Amino acid sequence: MADHVISQPDAGPLALSDRPVGPAAAKVLVSEVARHPGPKTVLVIGAGAGDAVVDRVLAVLMPGDHAIVVAEGPADELLAAAATLAGRVSVRKDLPTDVSELPGPVDVAVVARPVLHPTVVDRIRPLLATDGVLAVATDATGGDPLTGVVDDYAVRTDRVFRSFPPLRVHQLRFAPATPHLAARLDPAVVPSHVAVTKRMGIDSNGVAFGGLVAGVALLTKVVRPRSKAWLVPAALAVPVAAFFRDPRRIVPDDPRAVVSSADGKVLAVERLTDHRFGSEEWLRISVFLSVLDVHVNRSPVAGRVVSVLREEGGYANAMTAAAEHNVACYTVLETVHGRVVVAQRSGLIARRIVNRAKVGALLAKGERYGLIRFGSRTDIYLPATAAEPLVSPGERVVGGETVLAHWLAD
């Protein structure tokens with residue numbers, strides 16, 4: 001792809017791709033703008049009139065927000081679009097060199113075209129607020145020009161395949177954000193959720209698995225056209241895809257609520273100590289997921305990911321005590337109420353835990369962050385002195401909606 005130059009006084013040209021990103025990638029790039037409650041300052045770099053990124057930014061701005069658009073090419077059309085949001089949007093031809101040129105430090109910066117060199121990040125970083133985030137895209141068909149930057153600062157990386165070319169979208173933070181900010185965020189837009197209807201979607205793993213089984217059916221039909229053997233994989237395609245269903249959930253507004261991380265049945269509500277996470281006493285609520293339950297996992301609280309720990313083990317029935325020693329993944333969150341740990345445990349059938357949370361990421365309450373394939377268990381560890389349980393063993397719960405516990409204080 002050819003270089004596209006945005007001027008920056010006294011700093012030389014800023015090279016970006018000449019190809020604007022499409023709607024699917026724009027939705028992911030702008031997700032941090034959409035979920036931030038504001039008031040906020042947004043910086044959009046390399047945008048042209050009619051670009052999906054700038055259109056989406058303008059659509060999600062709220063009263064009290066301010067957006068600065070660094071225009072690519074003639075700015076007249078952008079100025080006309082911004083006129084409808086007078087006072088909240090300004091357009092300029094050059095990238096600011098200092099925060100003093102802006103209304104304030106930038107809360108969310110979005111680069112509207114794929115980045116070709118890490119100097120782009122170097123130029124924007126000084127403009128960000130302490131807990132500001134930078135959203136950038138790179139071409140996923142080759143090596144990533146931001147590899148070193150991503151290794152050090154990426155708190156989330158999504159691959160957007162519904163884009164030409166396919167893109168990687170990185171969310172970069174250069175300093176730890178506070179759990180208080182996480183408590184104010186909406187759940188992020190994630191490309192792993194593929195919408196089917198307004199209320200129902202499917203995880204991208206389901207698309208892959210369903211497509212694989214359907215492909216086997218097609219291949220069997222081609223190789224053995226007179227046989228009915230193709231009906232077996234064809235019949236499996238729908239239930240396999242349905243296992244990865246990802247319905248829309250309405251997260252309770254109550255700031256004291258701790259919601260279930262998964263659908264299923266409450267196995268245990270107990271107080272215990274676990275020295276892996278400190279010497280304090282924990283309130284642990286365990287939920288068993290059968291193969292018929294939704295297996296997408298959601299964050300039970302809002303917080304900042306401070307650690308993701310993976311443990312080897314066995315594959316005992318998730319309803320038995322032996323499951324304590326199964327393969328597991330622990331996501332440790334820093335919240336306004338203290339540390340919270342969410343465990344994804346494998347089961348008798350489950351052989352794969354998917355955890356998309358990265359250290360430094362902010363998870364909103366009810367936000368999708370992973371899944372477990374084919375029967376499993378989730379455990380939520382809460383500080384025992386800070387929370388009271390609201391469920392009992394045997395109760396059915398719904399991930400992202402059912403309130404498992406209440407914090408004792410706001």
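Visitor: What should I know before we start?
Guide: Residues are numbered from 1 along each chain as its sequence is written, and side-chain values use heavy atoms, with hydrogens and water left out. This is a predicted model, where local features need pLDDT of at least 70, side-chain atom pairs count only at pLDDT 80 or more, and totals for chains, interfaces and linings use all residues.

Visitor: Why are S23 and S25 called paired strands?
Guide: Strands are DSSP runs (E, at least two residues), numbered from the N terminus, as are helices (H or I, at least four). Two strands pair if DSSP finds at least two bridges between them. S23 and strand S25 (residues 403-407) are joined by 3 bridges, so they count as a pair. They run antiparallel, and Glu388 stands opposite His406 in S25.

Visitor: What makes S12 and S23 edge strands?
Guide: The order in this open sheet of 3 strands is S12-S25-S23. Strand S12 (257-259) and strand S23 (387-389) each have a single partner strand, so one side of each is left without a neighbour in the sheet.

Visitor: How do you know that S15 pairs with S21?
Guide: Same test: two strands need at least two bridges. S15 and strand S21 (residues 368-373) have 3, in the antiparallel sense, so they pass. Arg298 stands opposite Arg368 in S21. Their open sheet runs S15-S21-S19.

Visitor: What makes a space a cavity rather than a pocket?
Guide: On a 1 Å grid over the protein atoms alone, a cavity is a set of points where a 1.4 Å probe fits but cannot get out; a pocket is an open set with protein on both sides within 12 Å along at least five of seven lines. The search finds 1 cavity of 30 Å³ or more. Its lining, meaning residues with an atom within 4 Å of a point, includes Arg19, Phe164 and Leu167.

Visitor: What is the volume of the largest pocket?
Guide: About 1,100 Å³, where a volume is the space filled by probe spheres set on the grid points, joined across faces, edges and corners. Of its 44 lining residues, Asp186, Pro187, Ala188, Val251 and Gly366 are the closest to its centre.

Visitor: Which element gives the most to the lining of the second largest pocket?
Guide: S8, with 6 residues. That pocket has a volume of about 830 Å³, and Thr157 and Arg356 are among the residues nearest its centre.
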